[in-house]
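Subject: Structure handover

Hi,

Here is the structure I said I would pass on. Have a look at it first, and then read my notes below.

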Amino acid sequence: MEKQKKIKKELYWNPYFGGFLLGLVLILVFYISGRGIGATGGLKGTVIATVDAVAPTHAQDSPYYAKFLEDEKSPVNSWLGYETLGVIIGAFISGAVSGRLKLKVEHSPKITSRRRLIFALIGGVLFGFGSQVARGCTSGAALSGMAVLATGGFVTMLSIFGTGYVVAYFFRKNWI
Amino acid sequence: MSKNYKLKRLSTRRYQMLAAILILLAAGLVLLPDYQKHEGIEPQLFINKAMSNERFISTDIVADKIINKDPSFVLVDVRSEAEFAKFSLPNAINIPLDKFLSEEADNVINQEIVDVVLFSNDNFMANEAWLLGNRLGYTNLYLMKGGLNEWFNTIISPKMPEETMPREAFELYNQRKAAGLYFGVGSIEVPAVKTIVKTEPVKTPVKAPVKVVPEEKKKKSAPEGGC
Amino acid sequence: MKELEKTKRISVSAVIFLLVIVIGLLTFKKPKHVFSTDAKSTLNELLTADPILTSAGLKAMDSTAYVLVDVRSAYEYNKGHLPGARNIAHNEVLIEDNIRFFKNLTADNKVAVLYGENPNWALGTWMTLYQLGYTNPKILAIETQYTDKVFIAKDVQIEKPDLDYGTTLDSLKTKKQIPVAEPVKVIEKKEAPKVVVPVEKKKKSAPEGGC
Amino acid sequence: MGPLIPNGIIPEQWDYVIALLIGLAFGYILEASGFSSSRKLVGVFYGYDFAVLKVFFTAVLVSVIGLYYMDYLSWLDITQLYVHPTFMQSAIIGGIIMGVGFLAGGFCPGTSLTAVAIGKLDAMIFTLGLLIGIFIFSELYSVLTPMLSQGDYGNITLDKSIGIPADIIILSIAILALAAFYFSDLVRAKVKKVFY
């Protein structure tokens with residue numbers, strides 16, 4: 001009995017329940033702030049702040065950084081910056097509650113940790129680049145966009161998942 | 001084994017119910033009778049606002065604010081550009097009535113930082129602009145009472161009070177005289193007038209007000225978002 | 001790792017979600033009066049089709065083609081009003097009878113000629129009516145007053161500058177080259193100095209609470 | 001009435017507090033739904049786990065239905081909400097790049113942050129990659145600008161761009177999503193189980 005309880009604690013939520021709550025959070029954020037959620041925005045702020053700290057002249061010259069550095073405020077000190085911080089804290093709480101806090105590299109038994117990490121880096125670079133090209137990631141463009149029926153959200157979502165299914169074959173060794 | 005099977009049946013039934021709820025809600029949106037929505041405030045509120053006297057600011061107060069360089073307000077001339085070029089109040093900006101609801105004008109009118117005082121020759125055009133703005137729910141619009149006609153009657157060439165009038169009338173008159181002096185039509189000494197005429201460019205009003213920077217605008221519209 | 005297969009929580013929350021929406025719909029009342037015309041097209045109407053009707057224009061109209069509407073309060077109306085005018089106070093426009101009245105006027109293609117203390121007040125009513133979708137009201141360009149127990153209605157010109165401001169200001173400035181004895185300390189001396197009024201002004205005092 | 005902060009019902013100073021709380025809820029839900037595991041996320045492409053599909057579409061449906069009901073009940077003015085701008089070319093190209101990145105890295109930005117929070121090393125590397133990707137983009141910005149600004153449709157919504165009323169679009173999304181849920185369960189039953 002004791003063991004059963006422990007297993008239950010470690011279980012993930014029913015996906016429909018998770019989706020339902022996520023939908024409520026989206027409604028709430030639109031109702032209160034009139035905008036969607038995002039994840040790359042906070043990271044972009046971090047990049048810009050770092051570039052500004054390391055090479056201020058370069059940051060001022062580049063039209064892209066200058067666009068965000070116009071305000072007096074630090075780019076990290078933004079709505080999305082705080083939201084990103086919240087995401088990390090929230091996930092940590094959830095992980096702590098369910099006992100999932102553990103330093104590890106998760107990978108298929110068929111590949112090494114090293115390979116997993118290299119592919120994670122490549123994937124990260126691609127995803128970061130792509131999210132800027134599309135002006136939003138899965139949460140910012142696809143999820144929040146679709147919640148208000150934005151055409152761009154649907155296009156981005158279809159594009160991400162369509163490509164995913166096309167290239168899934170080539171990456172099968174990494175995952176199955 | 002059979003218990004497990006039962007559980008599975010139950011859970012399938014539950015999912016069917018949930019799917020039904022979802023479809024029901026989505027179909028509800030389609031089936032709900034449409035009703036027209038409108039921008040801005042409700043008719044009853046609009047009627048109440050159109051009745052109130054709170055929109056008026058007297059020419060004396062406007063003159064006082066201009067002289068003291070009060071940063072909390074901006075004068076908006078809603079007359080045509082030609083009329084504006086001929087004469088306007090110092091530091092007034094020109095938003096002709098036909099451009100009153102345009103994008104550029106929105107920066108000035110639809111904000112919550114400074115009061116916007118509208119004026120035209122009399123009150124009619126400015127009132128049209130005021131009513132339209134209030135219809136859209138803009139909160140800090142005001143009218144200069146009597147418009148430029150009243151401005152000339154009171155500030156530029158105030159009427160001398162009669163001797164029998166109370167002391168206050170004379171004080172007001174003096175105040176108006178002093179204000180008129182500021183606006184370049186002073187009266188006591190010639191040299192003083194000359195210098196004031198030189199320094200106070202009434203004829204060529206500053207088109208861009210120093211006080212309102214559109215960038216400062218507290219945007220009411222949807223915020224920037226995205227990832 | 002497995003996920004929870006049980007559906008209790010999602011069922012409960014889905015039912016709550018459904019209930020909230022159903023209760024919301026049940027308690028929802030449609031707004032009774034809705035502005036059917038948006039601000040932009042109202043502005044367009046103001047600019048293109050002048051809503052102003054002068055009293056000369058009114059005389060030229062067939063007397064069956066319009067109905068005079070007094071938008072002042074019933075109290076003011078009872079003291080005096082234009083002959084044949086019907087009283088619909090500005091704040092009573094949304095009353096059912098009045099809405100029906102305007103609807104019928106629109107159906108009969110008659111013009112509701114609004115007047116009040118001055119055109120500014122009539123404009124408020126005009127705006128309300130026009131935005132509610134009644135496209136036929138006009139504003140009569142008159143000022144009404146009740147002085148010495150007499151109801152007076154006089155024509156006004158709207159948005160007409162009293163003076164040519166630019167030139168007036170110039171002439172004022174030049175005229176002041178001639179030193180005028182203009183005592184500032186009027187109160188002390190109690191003199192009655194002459195004021196130089198360069199142009200004879202049409203007397204047009206703004207009525208209290210008026211424009 | 002709503003949205004509350006743009007309409008000044010809640011003072012703007014609260015915006016950041018709200019952001020933190022929303023982020024907290026967002027992170028908690030993502031983690032609790034299992035999005036901190038890359039193998040669970042990628043399962044949707046190999047048919048052994050459809051949690052992503054289910055969570056994603058349930059969230060979209062609940063929020064879109066909720067928002068439109070709130071708009072109908074005048075609790076919220078849907079025209080005031082921020083609509084993600086549509087740039088057709090950049091959305092498609094960016095989506096393709098992200099799709100490849102998703103399969104290679106196994107995360108998307110939001111989920112990688114939740115995984116970082118519970119100590120997944122691969123997620124940390126992925127997030128580092130994200131930062132590098134954004135940095136590369138920023139450096140190449142002036143070169144990419146002409147391509148990015150093509151196909152600008154503005155902040156357009158689907159009902160306007162294809163000319164079907166929003167409620168019918170929502171109903172069809174709901175039916176499509178339910179069908180997808182049903183078939184995903186069928187597929188999952190057929191595909192070889194993967195334990196992770």
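A quick definition before the notes: a residue is called buried when its relative accessible area is under 20%. Also keep in mind that this is a predicted model.

Let's start with A:Phe171. Its relative accessibility is 14%, so A:Phe171 counts as buried. You'll find A:Phe171 in the loop that runs between α9 (151-167) and α10 (172-175) of chain A. Which residues does A:Phe171 touch, leaving aside its neighbours within four places in sequence? The contacts are A:Phe119, D:Tyr46, D:Val100, D:Leu103 and D:Ala104. For orientation, A:Phe171 and A:Val125 are 46 residues apart in sequence, and their C-alpha atoms are 17 Å apart in space.

Next, the aromatic rings. Over all chains, the search turned up 26 aromatic pairs. One of them is A:Phe129 with D:Phe137, an edge-to-face pair with 5.8 Å from centre to centre and 75° between the planes. A:Phe129 sits in helix α7 (residues 113-133) of chain A and D:Phe137 in helix α6 (residues 121-139) of chain D, so this pair joins two chains. Both A:Phe129 and D:Phe137 are buried.

D:Phe45 and D:Phe102 also pair up: their ring centres are 5.5 Å apart and their planes meet at 85°, so this pair is edge-to-face. D:Phe45 belongs to helix α2 (residues 38-46) of chain D and D:Phe102 to helix α4 (residues 88-105) of chain D, so the pair ties together parts that lie 57 residues apart in sequence. D:Phe45 has 7% relative accessibility and counts as buried; D:Phe102 is buried too, with a relative accessible area of 2%. These two residues are also part of one aromatic cluster, whose other members are A:Phe127, A:Phe161, A:Tyr165, D:Phe56, D:Phe57, D:Phe107 and D:Phe126.

Last, the cavities. There are 8 of 30 Å³ or more, and the largest cavity holds about 170 Å³ of space. What lines the largest cavity? It has 16 lining residues, with A:Thr138, D:Phe35, D:Phe56, D:Cys108 and D:Thr111 nearest its centre. By type, the lining splits into 12 nonpolar and 4 polar residues, with no charged ones. At least two lining residues each come from α8 (138-147) of chain A and from α1 (15-32), α3 (51-72) and α5 (109-117) of chain D. Domain 1 (1-83 + 162-191) and domain 2 (84-156) of chain D both contribute to the lining, so the largest cavity lies between them.

Cheers

Notes
Residues are numbered from 1 along each chain as its sequence is written. Chains are lettered from A and ligands numbered from 1 in the order in which they are written. This is a predicted model: local features need pLDDT of at least 70, side-chain atom pairs count only at pLDDT 80 or more; totals for chains, interfaces and linings use all residues. Side-chain values use heavy atoms; hydrogens and water are left out. On a 1 Å grid over the protein atoms alone, a cavity is a set of points where a 1.4 Å probe fits but cannot get out, and a pocket is an open set with protein on both sides within 12 Å along at least five of seven lines; lining residues have an atom within 4 Å of a point. Grid points are joined across faces, edges and corners, and a volume is the space filled by probe spheres set on the points. Helices (H or I, at least four residues) and strands (E, at least two) are DSSP runs, numbered from the N terminus. Ala, Val, Leu, Ile, Met, Phe, Trp, Tyr, Cys and Pro count as nonpolar, Asp, Glu, Lys and Arg as charged, and the others, Gly among them, as polar. Domain bounds come from an automatic or database domain assignment. Buried means under 20% relative accessible area, exposed over 50%, partly exposed in between (1.4 Å probe, protein chains only). Contact means heavy atoms within 4.5 Å. Rings of Phe, Tyr and Trp (its six-membered ring) pair if their centres lie within 6.5 Å; planes under 30 degrees apart count as stacked, over 60 as edge-to-face and the rest as tilted.
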